[in-house]
Structure formats: C-alpha cells, structure tokens
2 protein chains.
Amino acid sequence: MFAFMASKVRLFVEHPLGGGQSVPLTRDQAHYLFGVMRMAEGTVLSLINGRDGEWDATVVDAGKKGGLLVCDAQTKPLQMPPDVWLMFAPIRKERTAFIVEKATELGAARIMPVQTAYTNNADRIRIDKLRAHALEATEQCGGTYVPEVTDLEKLSKVLTSWDPTRKIMFCDETLLGEASALTQTDGGPWAILIGPEGGFSDKERGQLRALPYAHPVSLGPRILRADTAAVAALTLWQNALGDWS
Amino acid sequence: MFAFMASKVRLFVEHPLGGGQSVPLTRDQAHYLFGVMRMAEGTVLSLINGRDGEWDATVVDAGKKGGLLVCDAQTKPLQMPPDVWLMFAPIRKERTAFIVEKATELGAARIMPVQTAYTNNADRIRIDKLRAHALEATEQCGGTYVPEVTDLEKLSKVLTSWDPTRKIMFCDETLLGEASALTQTDGGPWAILIGPEGGFSDKERGQLRALPYAHPVSLGPRILRADTAAVAALTLWQNALGDWS
C-alpha cells in the first residue's frame with residue numbers, strides 16, 4: 001500500500017494519448033527513462049497527461065537526446081477528484097512543496113496560493129516549481145488528473161470576486177467550528193482555506209466571518225502548522241463530502 | 001493560527017517545574033537562548049518538561065556555557081492527548097521525521113516505529129533523532145506532553161504480545177473499510193497502524209485480518225504515501241474518537 005514501488009514507471013507527458021498513438025519524448029524524459037531508469041526498447045511503462053487517463057506504452061526508440069513511445073491500451077480512465085479547491089498562504093519552501101504534494105494525493109481539484117496580510121514568503125514563491133511538484137505527485141499517487149496550481153493572488157481580491165455557490169471551509173483557531181458541521185451542509189463545490197502561520201488579520205477575519213457561504217471548522221486543541229492543517233482539513237472534507245466514503 | 005510566531009519562546013527542559021523552582025540550563029540551551037535568540041537577563045519564556053504543564057520562567061543568569069531560569073507561574077496544566085498510538089514502518093529519513101512531527105501536533109500519545117517484512121530503512125533509523133523531533137514539535141505546537149517514541153520492534157513481535165483491549169485502526173488498500181466505522185466502536189485505547197510503502201506481506205495481512213480488535217479503514221481511492229496516510233489516519237481518528245469533537 002501507499003506504494004510508489006509500483007512495478008511500472010509512470011510518466012507525465014504533454015502529448016495526447018490514445019490507442020496506437022506515438023508519443024515523442026523530450027530530452028529530459030529520455031535522460032530519465034534511458035539514462036537513469038535504464039529502460040531498453042520494448043519496455044512497457046504507464047503514461048498520463050492529465051486528460052486522457054492512463055495508458056500502457058512501449059518504448060520503440062531509446063535515444064540519448066530523445067525517444068519514442070507508442071501507446072498500447074488504456075489502463076485507467078480519467079478520474080476527476082471531487083470539486084474541492086485548497087487555498088493556502090505560502091510558507092517555507094519545503095513546506096509549501098509538501099502542501100502541493102499532499103493536496104494532489106488527497107484529491108484537490110485546484111491548488112491556490114493566496115497572499116494574506118501576514119504572509120511572509122509570497123515574493124519567493126515559484127509557481128513553476130509548485131506545478132512540477134503537482135505533476136510528480138500525480139505520477140506517484142496513481143492519479144490521472146493533475147490539479148491546477150494557480151498564480152499567487154491576494155486573498156482579499158480572491159474573496160471579492162468569489163462565486164457564492166462555492167462554499168468555503170476555513171480553519172481558524174479563533175473561530176469555533178465542528179468538522180461534523182460539514183456533513184450537515186449539502187455537497188456542491190467547495191474550497192478549503194488554511195490560514196497563514198502568522199494568523200489572519202482582523203480585517204481578513206471580519207471579511208471571512210461576513211460570508212454566508214464560509215464555514216469555520218476546528219482542527220483540534222493543539223496548534224497545527226499550516227502544512228499539517230492542510231492535510232487534516234482535506235482529510236476531513238474528503239471523508240465527509242468527497243470521494244472517501 | 002497555526003503559529004509558531006508565538007511571542008514567547010517555548011523551551012523543553014528535563015528539570016522539574018514549579019513555582020519558584022530554579023532551572024539550570026545546559027550549554028546547548030544557553031547557546032540557543034542567549035547566543036541565537038539573544039535573550040538578556042529578565043526575559044520571560046515558557047518552559048515545558050512533558051510532566052508539569054507550561055510555566056513562565058525568567059532568565060536570572062545568562063552565561064555563555066550555562067544559565068539559570070526561575071519559574072514564575074504556571075500558564076497551562078499538563079494536557080494529555082487521547083490514548084492513541086501511531087505505529088508506522090520507517091521510510092526515508094525526512095519523511096520519517098515528518099511523521100513524528102505531525103503525530104506530535106495531531107496528539108498521538110505514543111509513536112512506535114515498527115519493522116515489517118517490506119520495511120527498507122529499518123537499519124538506518126535513529127531513534128534519538130526522532131525523540132528530538134518530538135520534543136521540537138511539542139515546543140512549537142503549544143503542547144505540554146511529549147509523545148514517547150519507542151525503539152524499533154518487529155511488527156510480528158508487537159502483535160504477538162498485544163493487549164487485546166487496545167483496538168487497532170489499520171490502513172491497507174487491499175482491505176475495504178470505512179472511516180465511519182470508527183464511530184460505531186466505543187472509545188478506549190487505540191493504535192493506528194500505517195503500512196510500509198511496499199505494502200504488508202501476505203503473512204502480516206493474514207495476522208492482522210485474524211485480530212478481532214483490528215479495524216481496517218480506507219483512506220480514499222488514491223494511493224497515499226505513508227507520511228500522508230499517517231496524518232490522514234490520525235485526523236480521522238481524532239475527529240471520530242479523540243479530542244477534536
């Protein structure tokens with residue numbers, strides 16, 4: 001379980017996938033498959049592109065600077081996660097990467113870094129790196145869908161143009177809320193909002209409290225780091241309203 | 001929220017804590033407080049020792065190689081987590097450290113690395129480092145109790161001498177189980193068991209299946225890494241049976 005000892009290598013490619021489809025490899029991909037993993041022509045691996053499900057593909061040309069695969073059969077259809085977004089304020093680099101990895105494994109449809117009043121590291125966030133982490137996590141967790149990682153935006157701006165049919169589960173120690181409250185609401189689209197390690201500002205808290213579609217949820221009596229809170233909140237949501245039950 | 005921007009430094013010490021109690025510092029502690037944090041005599045910080053709750057203490061002697069604090073008032077009583085243990089098979093170093101940090105934040109009473117048939121890194125596990133991670137996480141999460149980190153033992157041996165009044169929640173993709181099943185059992189002592197990334201062996205799975213007090217729980221349709229599974233499982237347990245509700 002919890003494998004990434006899958007016998008077959010899984011590779012994300014940008015190319016369309018389908019029966020008999022040829023898939024050219026980039027230089028980096030060829031280096032990984034033939035240099036690092038030492039695959040020979042005839043080896044079968046799994047391909048995903050985030051749109052066409054998972055396909056078995058055979059290596060037909062293994063070069064130093066490129067290569068070619070041909071798709072055989074589809075092994076999984078595209079499996080979309082539930083319609084839940086994760087919004088979080090960027091923290092230290094490794095922990096931000098961790099949040100993206102975990103949100104992908106736990107089945108978030110979209111990952112949104114948001115800048116709050118007390119976000120410290122927003123200038124240093126590298127969205128391209130976060131997107132690469134989402135791809136890698138999808139390769140490893142057996143998923144066929146890669147969550148979208150959006151550009152950093154200010155939380156206040158995001159909330160100003162919010163679609164009120166998408167509920168917000170927000171995790172803030174200063175507001176009491178029960179996870180059990182989630183099951184008393186109907187399904188539909190949701191977003192989870194994890195506060196920054198410095199807390200929300202009074203203004204932000206006021207803005208959130210005033211939203212009729214925002215539901216505060218408590219994550220227990222101990223102080224959680226933002227990365228722990230992100231995993232815990234997604235777990236509670238998936239268990240109550242998502243595809244875990 | 002999710003702070004460790006707490007205004008006051010929290011420090012774990014081995015010494016007893018109580019009103020008027022003097023607390024001598026080790027060389028490392030003195031270096032941290034007076035060298036790194038640049039505290040002067042008269043500064044107030046928080047002390048915990050895992051037994052006597054949390055105390056305000058004042059620096060009365062700040063030296064290069066040692067120092068002295070005096071306890072003022074208790075700021076928190078000892079708060080025990082629920083009686084839940086986390087058993088997991090060691091994985092890569094950073095991820096094992098991460099599991100210990102998260103289990104501490106999420107309120108596990110005991111953390112037990114177990115060697116399974118397919119555990120790869122058991123020889124390289126450093127229990128002393130894991131204990132240090134549990135201490136640091138307690139300092140940061142505002143807790144007053146430090147979970148015990150036990151020495152590595154073989155899972156088969158642990159299960160052979162198991163107290164049958166302690167239920168086991170075990171997370172294995174090959175067994176279907178619902179998290180909702182947790183709420184249908186009574187409380188009492190529990191242990192959570194996270195499988196290794198290579199999966200349980202058939203023999204281990206057979207042994208687990210045969211235990212009347214073992215409850216399989218599913219963690220959703222995607223493959224989770226062991227560290228993600230540990231956080232998710234503790235979250236589900238705390239929410240259903242622990243101190244989150």
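## Close-up views of a predicted two-chain model

**Figure 1. A salt bridge links the two chains.** B:Asp243 pairs with A:Arg222 in a salt bridge whose closest N and O atoms are 2.9 Å apart. Please keep in mind, here and in the views that follow, that the model is predicted. Between chain A and chain B the count is ten salt bridges.

**Figure 2. The interface between chain A and chain B as a whole.** Polar contacts across the interface of chain A and chain B involve 22 residue pairs, with both residues at pLDDT 80 or more.

**Figure 3. B:Arg222 reaches across to a backbone oxygen of chain A.** This view turns to an arginine of chain B. B:Arg222 sits in the loop between strand 12 (214-216) and helix 6 (226-241) of chain B. The side chain of B:Arg222 comes to 3.1 Å from the backbone oxygen of A:Glu105. Is this arginine, B:Arg222, buried or exposed? B:Arg222 counts as buried because its relative accessibility is 14%, and the cut-off for buried is under 20%.

**Figure 4. Chain A in overview.** Chain A contains six helices and twelve strands. Taken along the principal axes, the C-alpha atoms of chain A fill a box of roughly 60 × 35 × 35 Å. Of the 245 residues in chain A, 56% are buried. The accessible surface of chain A comes to about 10,600 Å², with 52% belonging to carbon and sulfur atoms. Among contacts in chain A between residues at least 6 apart in sequence, 70% join residues at least 24 apart.

Figure 5. A:Thr96 belongs to helix 2 of chain A. With a relative accessible area of 4%, A:Thr96 is buried. Which residues does A:Thr96 contact, leaving aside its neighbours within four places in sequence? They are A:Phe88, A:Pro90, A:Ile91 and A:Leu130. For A:Ile91 there is a further detail to look for: its backbone nitrogen lies 3.0 Å from a polar atom of the side chain of A:Thr96. A:Arg166, by contrast, is 70 residues from A:Thr96 in sequence and 24 Å from it in space, C-alpha to C-alpha.

**Figure 6. A:Lys167, a buried lysine in strand 10.** A:Lys167 is part of strand 10 (residues 167-171) of chain A. Why does A:Lys167 count as buried? The reason is its relative accessibility of 13%, because buried means under 20%. Not counting residues up to four places away in sequence, A:Lys167 touches A:Asp186, A:Gly187, A:Pro189, A:Trp190, A:Ala191, A:Tyr213 and A:His215.

Figure 7. B:His215 is partly exposed, and its relative accessible area is 22%. Beyond its neighbours within four places in sequence, B:His215 is in contact with B:Lys167, B:Ile168, B:Met169, B:Phe170, B:Thr185 and B:Trp190. B:Gln21 lies 194 residues from B:His215 in sequence, and the C-alpha atoms of B:Gln21 and B:His215 are 46 Å apart.

Figure 8. A:Arg38 is not a glycine, yet it has a positive phi of about 55°. A:Arg38 is located in the loop between helix 1 (27-36) and strand 3 (44-48) of chain A. A relative accessibility of 70% makes A:Arg38 exposed. Over on chain B, the phi of B:Arg38 is near 55°, again a positive value in a residue other than glycine. The loop between helix 1 (27-36) and strand 3 (44-48) of chain B is where B:Arg38 can be found. B:Arg38 counts as exposed, with 69% relative accessibility.

How values were computed. Residues are numbered from 1 along each chain as its sequence is written. Chains are lettered from A and ligands numbered from 1 in the order in which they are written. Side-chain values use heavy atoms; hydrogens and water are left out. A salt bridge is a side-chain nitrogen of Lys or Arg within 4 Å of a carboxyl oxygen of Asp or Glu. A polar contact is a pair of N or O atoms within 3.5 Å; within protein, one must be able to donate a hydrogen and the other to accept it, and residues adjacent in sequence count only if both atoms are side-chain atoms. Helices (H or I, at least four residues) and strands (E, at least two) are DSSP runs, numbered from the N terminus. Buried means under 20% relative accessible area, exposed over 50%, partly exposed in between (1.4 Å probe, protein chains only). Contact means heavy atoms within 4.5 Å. Accessible areas come from the Shrake-Rupley method with a 1.4 Å probe; for residues, only the protein chains shown count as cover.
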